[in-house]
Structure formats: structure tokens, C-alpha cells
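Here is a short briefing to read alongside the structure. Have a look first, then join the tour below.

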Amino acid sequence: MNLFDYHRPSTLSEACEALAAGGARLLAGGTDLIPQMREGRREAAHIVDLKRLAECTSIEVRADGGLTIGAAVASSIVARHPVIAEHYPALAVAALMIGSHQVQNRASLGGNICNAAPSADAVPPLIVLGAQVEIVSGEGRRVVPLETIFAGPGRTTLAAGELLATIILPAPQANTASHYIRFTPRREMDIAAAGVAARIIRDDAGVIINARIALASVAPTPIRAMAGEQVLSGQRLDDATIEAAAQAAMGEARPISDTRASAEYRRELVRVLTRRVLTHCRDALEAGR
Amino acid sequence: MSRIMLTCRINGETVSALVDPRDTLLELLRERLGLTGTKEGCGNGNCGSCTVLVDGAPVNACLMLAQEAPGCEITTIEGLSGAQGLTDLQQNLAEAGATQCGFCTPGIVISATALLAENPAPTDADIRRAIAGNLCRCTGYDKIVRAIALTATQRGG
Amino acid sequence: MALPTTKRDDHRDKPASSIGQSLVRVDARDRVTGRAMYPADMQRPNMAHARLKRSPHAHARIRAIDTSRAEALDGVFAVVTAADFAKVPLGASIPMGETGYDMWMVAQINMASGKVFWVGQPVAAVAARDSHVAEAALELIDVDYEVLTPVTDIAAAMRPDAPVLHEHVVTKGLAQAADGPSNVCSRTLIERGDAERALAQSHATASVSVLVDTAHQGYIEPQAMVAEVSADGFATVWASTQGQFSTELMISRMLDRPLSKLKVVPMEVGGAFGGKIAIHGEAVAVRLAEKCGRPVKLVFTREEVLQGGSGPTMGMAVDIRVGADASGRLSAIHGVYRVDAGGLPGLSPSLLMQASAALYQVDDLHLEGFDVVTNKPRTEAYRAPGGIQGAFAVEQAMDELCLRGGFDPLEFRRRNAAVTGSTMPIGTPFPSIGLSEILDAVAEHPCWTKALEPGVHPRGRGLALGYWRGTSMTSACHVIIGGDGRPVVTMGAVDISGTRTTMTQVAADQFGLAPQDVHVQTGDSKSVGYSDGAAGSRVARTMTAAIVEACDDALAQLGERAARLMQAEPARVTYANGVFSLDEGRGTSITLAELMQETLTDGAIVGRGSSSKLPLGVEIAAHVCDVEVDPDTGQVTILRYTAFQDVGRALNPSAIEGQLQGSVVQGIGWALTEGYDYDANGRLRNASLLDYRLPTALDVPSIDCVILEKPVPGVPYGLRGVGEAPIVPVAACVANAIARAVGVRTGRMPMTPERIVMAMRERAGRQI
């Protein structure tokens, strides 16, 4: 592990100044960064700890009814938050999958996003929920859709000196269900071989007016399964439509084979998990949840 | 190579130690403070042998920098029992035969202590979920789960 | 002059005896409070930290090593390479048990010399001020390799044109002598009758071929050791080891260090299961300590443990064919076993082949085994070495035969079960066994009689048997009597299965005292008589025999003193529960405490005991499990698991359950999620506990245990070995349950979800 300077800024502008020094990495939970640095896979001359920043460590309901989640909030807190559990269930479910209990007590959404692993569990749920991220730097702030953050495995589009400060979720709507299912050989402490998140919004007549599907671990970045969404749009969530959407989503997957799974198996999992996640959404909508 | 002086709260005491800036919390505990009850099984958060409580929450000490420790209340296995003897949980684990080689045991004790503080009436599934981040290779988990369940029952859960 | 044995009342079944009780482990409190000390917890004054430099290549010649840059780094105290160690020639061995232990192999595992055979094999080592400096120093050691083509699987290694790892290895046991070096180290044949003909004439046959991936013992404590050499040149090593004496012998041979100047102190062991018999770094640590004049601590990272730093257990390819007549009588077993030994020659597969077939009475048998080297870490034992893999093939073949022939799997086992006196595969008669009793117990148990309830996904129930022979080897102990009359036993065996506790129960029973009044400790290698390591399911049985002898010896000495004190003939003295008395308690009496108070300074009372080649207490297990298989993902949920085993006599039922439950969960891990994944260059892709998947508490159910007791004749307490058989049938049991749930056998181990889905797709004839 290389020697580094450790910074504990108490304001966002202090944090941005520390980042501007170059060769800096952000630290929230450290559950990715610390093992990567110890194994020599990442280096940093400066480590900037975000956990003293109020904006990064709180969850606030917004004026428009949406939610602002600090990038450094631990995922176990995200999972337990009543608003998230009630209105953004896909995220609550995923937050409990980011590693063991011990890891969940530290790992953050910001870290899960910026580590940019294609298998990041929080990302497909955030994408289908319409998340945006707030990027802060010495030059100011910008808010962009979460999907635009990913450049490739382990790489984001953030420029040097930029910091992901918060995640913004839109106000929840009626007749909405969301869920995330992933597949892992073990029931805990595992990386998704494939993961599928979906959010379905129906009108009062039961017709789908908005469908979003996002996939983990089957492309260089998390991706939307647009073809699957198109199958659903304007339809009812019946078995035939679900199966067709699952088939279409499978077609969007471009996985690789690695030690965790083969490409063939991952594609097959996309079909199975999409079917299951959509069925879950249907059941939730029927139950009026 | 310069060392840094850190002051932390460990097991209810304020302690200071000279650390290498790269030290993890685990290295601070084991190498600098001589608190060797917390073990290293993997060094990257995949076995739970290094589980400690940070502000009451179970955390892998190998995934935290020592420099993050100041300002936190940290509890290690050494801090759970003392002049007052073993906790009821520790007693039950010992009596149930829930420890064999003992290497995973401190981490399990910490995770289970946190579970029972948060959930006084856990189901077996809750218990297994709470210790799913603590790998044990010797016991098969059975007697560990029973001892934790017994502790909850005895406490009136 | 032999002392007369002191007569004792038969107190063995007195209510006060703790034999058969689940006495709480004497070391449990230290464990639950984090006070138990493992070598990595040791601190010695002025201690240096060591790291090993490891080969990045799976197969290479070492042309030169330049350590000068590393030696020049500030904070580096010493650097060593193979040049710093004694030349250990081919064929060198250290004494161990009945067969000795290959010392040339041990030397290669600890420091490559001239050639490397696997990624991770050590080529140099440094001792430095701290681990950061040591890490940096490793980068400064320049090794000039001539990289050679590796072979990474059995099939490739067995081809005639394969790159040869060892020029000196010529296949032993061939019908015609081999004409050149080979990667096939040996061929072993166990045969009787004519298996081919018997199979051809069978009413029903079944054939199962399996490929078992290499797996690791998975001990949670990585290798760790501290070595210190005094100014007078005496070396002490604090080790996590299954055998302090073997460790000492290995260190001594690697360093040419006399055993009178070396001591190994066994610390607590954080799991071993066979993987901590050979030394991994201990001799290197001593040499570094000699060179730098400081104590040296060497602790492996988990990545090192997995990436070639320790021996996983053997991968294997096994092909089994079995047959039966229409009534379900087994006609023949035909097996070919190809064992992947890793980078150095292993043992003949004879024991594992015998074990896989032993439980069946069959006239026609053909078992052929090959030990093959590949460019992967030299393999080591994992509980019953090879037993799991052999059972995975044979027990599935038997199950498949039952499906084909329409036989009930339990009745088939009963029909063909070996009994006491049956002819074992190598022709010797089976010693006393209780397989039929075990099968009877299964037949009556709800895990078998209660129908499997349907669930959301397909479910199935599996049965499999497991056998392991175990060993006896030699165990020694002595017992001293303290000034207050309390006995203290120092035993030669390291405690890896709770034997300090069970031997406390035995010694307490022998003396008729409460367990709290007896202390049992493990001696270091200079404090107690030579004992072979804790392995082969041998310690509880053989140390019991040694303790019985030592207690008899001590009581004879004590009895003689008591007689003198009571001014009586020794024949009139009897002993019971801490008291010597005359005339069976009707006369004068004196307690142990009073006796020692009076006579302590007359001379030490030391009772000696040792056991060697104790009659075997072979282990037999039968397991039943229910599984549910998600046919779309291949995920397997184990709904229920019951392990039956005959233990001879249960000294401590809780400890036995712990062994069974732990072994079963280990078996489930290898059955479903654990397996080494090598790339074509012999580098392990999954060298972390994230991707080498040990079961978590959420992955396994509660494990029910049914303990049977059919005592072994002629050994104290009738004890059998316990700790190896319970891992043997697990993967086969799960495989048989899966086969009955979804109708496929993957032919691979682990049976990962992906492999199950692929097998089901193949069976259904569909491509994905």
C-alpha cells in the first residue's frame, strides 16, 4: 500500500480543495477502496474522507417530495429508512445485498456507484427509480442522470476534482412497484452473477405507463434493458407480456465469461430474474402495495 | 517514514498509539495496542474474523483505516467481558460447544452481541443472517445458532 | 522391578464419571473472550516481520536470484534463498507413523530449489522491521526465470507429449516398466475376481464419471509462526501445527540443526483439517532469525494461503462402473481413479480406492489408480484425503444402479453391506464394524420414513455411505501428581478436536476424580514423549490408551507409597476415587492429597504411557439429505440433513456432534460452491474468500446427528475414530438428492448452480 495523506474535511468546499491536489480518492465506507489499495490495485496520494460532511451523510425529503441521499450514508441505514422501504423498495432490498452485515454498516451508495463495478447492486435499482446524482467541484454543481456516470468497468465519467455528493430520487408516484433480484451461488457475501431491477408504473386501469428495467453484471457497465421496457409499455402485466419482456431483456445482455459465471448462464439468468422481478412487481401492485 | 499519533476510544477508554498512516483499524488494535482478540482471517472483508463494534454497529476492522477511528466508540472482544465475568452470550456459546478452534469466535460474539441488542427475539433465520458475515469452518454453525437463540430466550425474548 | 498394579474398584461406570457427558470444553472460556493465543498473536522483543517471495510462474527453472537490492533496503534485516538451506536429497524422509514423510517434498514446499512447480512456490524470504518494508523488499529481489510450459489438468499431464515436471519420476507399478520420466508417478491396482466379466453378465449396470475440482481445507487462520534463536543458539518456534514433533523434525532436516537445539511450541490452531501437518515457512523463519539475530514472525495473507502458499486437497477424475443381479445383489465394482497431486508426487491412491469400495461385499473388484503431477500447489490432506472424491463417484454409481435396477437405495445397501469379517478390498477381513446397525437406524428414523413434502421447486432425498480407515500411529503422555494430589497429564498430541477436554474426562475417570481436579495440557516437543501428529482420527483413541497406561503406572507407584505409609502389604491396598485404603475400605485410608503431602519430596511420581499401533477403530457414516432445486437457476437448498455415525463409544457427545456438523458443512461447501478455478497459466483465479466460496450460516440448515455406539473390542473404552468419516459421504449424498429431484448428475464437483442448469439443459436437449 502506498503512503498517502488522509483528509477529513468538514465542508464540501474543503473536500473539493483536497481533491484538486490530484491523485486523490474519496473515502466513505472504504469497503472497496481499502482492500484495493492494500492489494495494490488502486493508488492514492490523498484520501479524502467524506463522513464529516453533512450533505453526504444525511437523508432528506425534498420540497418536491423526492429524496436526497448523502453519498456516504451506510447502506444498512439506507435499507432501514422508512421512506426508502415504503416508496423505493428496490433500493431497500439492494442495500441489504451489498456484502455482509459488517460491510453494509460501512458501504455507501456513493461508493457502490463510483467503484463502478458492473455488478454493483445498488445501481440498477437507482437507475430504474430515476435517480440523478449531484456532482460537486471547485467549479460548482451539476445534476445528471445516474446512468451517465459509468464509463466502463471500474471507471466513471467524473473528472478529476469532482465529487459525487448526493443521490436524488424523484417523488414517488401512485401505482408504482419496484424490486431488485440478483443471483449469487452463496446466500451472502457474494457478487451478483446477474442482477435485474425493475420499476413499473401503471394507470388506474392497470396499463403500464412507465416501465424501466436495469441489469447488473451483464455488460461493461450497468445497463438499461430498453427492449424489455418497450415490450411492457402500454401493456398489462400478464404472464405472456412478462415472458416476452424477459426474453427481450435477455437479448440486451452482453455478458462476459469469467470465474464467477459463463456468458451463457448470465444471459439465461437475465431471462429468469427479469421474469421473477416483474412477477414480484405485479404481485405488489395487485396487493395495492 | 513518519508515524502518526492517534487518540481513540477503545472499550470505553481513551487510548493513544503511534501508527503507520496506512494501518487499518485491525492493525491498530492488534499490532499497536496489543488487543489480539480480534483476528485476521482474510484481510479484505470476506470472513468476519475481524468484526468489532464501531458506534455499536458490527464492522470489519480490516476495512477501516486506523485514521478513521478517532471520534468513534470502538468495542472489541476484550471489552465485552471483564471483572464482571463472561456475558450470558459468551457463557452460552462456551457451554453449547459452539467454539472449536476458536478463531472465528470473537467475531461471532461481536456480531451476535449487536444482533441481540437490536433484536431481542430473533428467529433462527435472523440469527443466521446476522452471522452470515462470519465464516466458521469447524462447527457448521449449528451450536452457535442454538447458543444465540438460548441467550435471547433467557433474556425474555 | 515391575511394580504391582494397584487394585482399583471398578469405578468406570460410577455416576461421578464424566465419560459420556458433554463436558464443556476446558478451553472454551478463553475462546469466547478472545484470550486464546495463536502464533500471530505472539509478540517477542525486537521482533522482525517476514514475508516470502513467491513464483509468479507455474513451471520454470530458476537461473539466478539476486537479493542485493533487497538487502540494501533500509529496514531489511536478512534475506534467504535456497542457498541458505541444507540440500535435502530425493528420497529423504522423516519418521512419521508407519510410512514416514517425504522430506524432499517438504523442502520443495518451503523453498524451491532450481525449479518451480506451481504459482506461489516460495523462492526467497525476507525479514524486516515491519510488513511494509518486507513487502517493498520482495519487489527488490530479482529472480531470473526460464519459463516452461505448464500442465494444469490431469488429462493434459497424462498425455505422452506433456511437458514433464520431474525428470526423476518414472511411473511405478506398471505391468511393463516405463522407459522414461512421466507425470504419472504411480499406478496402483487392487483386484479380485473378474469385474469386467461380472459387469457384462449383470442384470443392471450403472456408470458414473466425475471430475472433482481441487478444494481447500478452508481453515480460517492463515499459516502463522514465530521463530526465535537464543544467544546460545537454541531455537524456539511457536507454531500453528498438527504435530510439534513432525514440525521439529522437518525444521531440523531443512536446516541441519540438531534436535537438541530446537523446540516447537504448539499454540492454538485456528483450523487445520490436514493442511497443517507439513511445515510452511517454519524452517525459513528460523533461518531468518539465525541470520538477523532477532525473533521473526511470519504470517501468511489469505491470498498467499490460496495462491500456492499451502496445499489444497486433490482434484480427481474418477470413473466407476457397478452392476447387480435382478435381486439387487451387487456383482462388481470397476473403478479408475486419477488423482491430481499438484506439483510434487503424492501418495498412492490405494487408501482412497479401498475406502470407496470397502462398505460393499462384492466378489469381483477392479480398482486402478494413478497419481499424477500438475503445475499446481502440492496437495495435502483434507480430513479423509481422497475419501470424499472416491465416495462422490462410487455412492452416485450405487444410487444410479438403484434407479436403473429399481432397488430401494437403503435396502440395496443393507443387502450388500460389509459386516465384521467381510473381505476388504485388499483381502484382509473387516475388523468389528456396525454398518448394519447404522442402516437399521436410518431405516427407523423420520428423516427416512417421513415422506418428503412437495415444495415450490423440485425436491429429492439422497442417501450415501462413507468409510474411512483412520490410523493409529503413536501417542505418548505422562502424568505427574501435584503436591496436593491432583494429577496433571502432559500429552504429546496437539488438540485440534477438543482432546484436552476429552482426555480430562478419561484421566478423571481413571483416577475417579472430578474433571475439575485433573488438568491436561499439550507438551511442546521437548516436554513430552514423541507423538505422531493430530491426524487420521487417531488422537482421542490412542491418547486414551496412553493415558490409561500412564494412570496405571502412576497409581502403581502411588499404591506402593501408600502401602509403605500405612505399613501394610501392597496387596491389601485398593484405590478408589482419590483414596487409598486397606481391606477394601474397611481399614485405614489415606487420600491422594495426604499421600502427596507426606511423600512429595521422596521423589517424583511420573506415570508413563504410550500407545503404538492400537487396533484400528474404523469409521462408518451414513447420511440422508433432502434438497430443493430451483430448476431455472440451479440453486440448491438443503432442507434437511441427518448424519449417522458409529463412534464406538461417545466420550463427549457434544464434541462428537460438533465434529459431525462441522464436517458436513465442509462437505456441503465442496459439494455446491467450493472449487479452485485455474487459468491456462496455472494461476488461481479465485484466490480470495469472496470467490472461493465457503458456506455461510445462511447456506446450510441445522445438521441432525445420530450417534451409534458399537465399541471396538480390545481398546480402552471401545473408541473409534470420529473426525474423518463425516465428511466422506456429504457431496455424494447431496448429489443423489439432486439426481432424485431433477434427474441429473452434473459429473462435476462442486455442483454449482451453473453446472446444474447446464446439465439439465443438456438432458433436455436444448441449447441456451
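This is a predicted model, in which local features need pLDDT of at least 70, side-chain atom pairs count only at pLDDT 80 or more, and totals for chains, interfaces and linings use all residues. Residues are numbered from 1 along each chain as its sequence is written, while chains are lettered from A and ligands numbered from 1 in the order in which they are written. The notes start with the fold of chain B, move to its interface with chain A, and end with backbone details in chain C.

**Chain B**

- Chain B has 5 helices and 5 strands; helices (H or I, at least four residues) and strands (E, at least two) are DSSP runs, numbered from the N terminus.
- Reading from the N terminus, the elements of chain B follow the order β-β-α-β-β-β-α-α-α-α.
- The C-alpha trace of chain B spans about 50 × 30 × 25 Å along its principal axes.
- Of the 157 residues in chain B, 67% count as buried. A residue is buried if 20 or more other C-beta atoms lie within 10 Å of its own, exposed if 12 or fewer, and partly exposed in between, with C-beta atoms placed from the backbone.
- Taking contacts in chain B between residues at least 6 apart in sequence, 58% join residues at least 24 apart; a contact requires C-beta atoms, placed from the backbone, within 7 Å.

**Where chain A meets chain B**

- Here 19 residues of chain A are in contact with 22 residues of chain B.
- On the chain A side, helix 2 (33-38) and helix 6 (101-104) each supply at least two residues.
- That side of chain A divides into 8 nonpolar, 7 polar and 4 charged residues. Ala, Val, Leu, Ile, Met, Phe, Trp, Tyr, Cys and Pro count as nonpolar, Asp, Glu, Lys and Arg as charged, and the others, Gly among them, as polar.

**Backbone details in chain C**

- Most residues other than glycine have a negative phi, and most peptide bonds are trans.
- C:S537, not a glycine, has a positive phi of about 55°. C:S537 sits in the loop between strand 22 (519-522) and helix 16 (539-565), and counts as buried because it has 27 C-beta neighbours inside 10 Å.
- C:Q567 also has a positive phi, near 50°. C:Q567 lies in the loop between helix 16 and strand 23 (573-576), and counts as exposed, with 8 C-beta neighbours inside 10 Å.
- The peptide bond from C:M749 to C:P750 is cis, with omega near 5°. C:P750 belongs to the loop between strand 30 (748-749) and helix 20 (753-764).

Methods
Contact = placed C-beta atoms within 7 Å.
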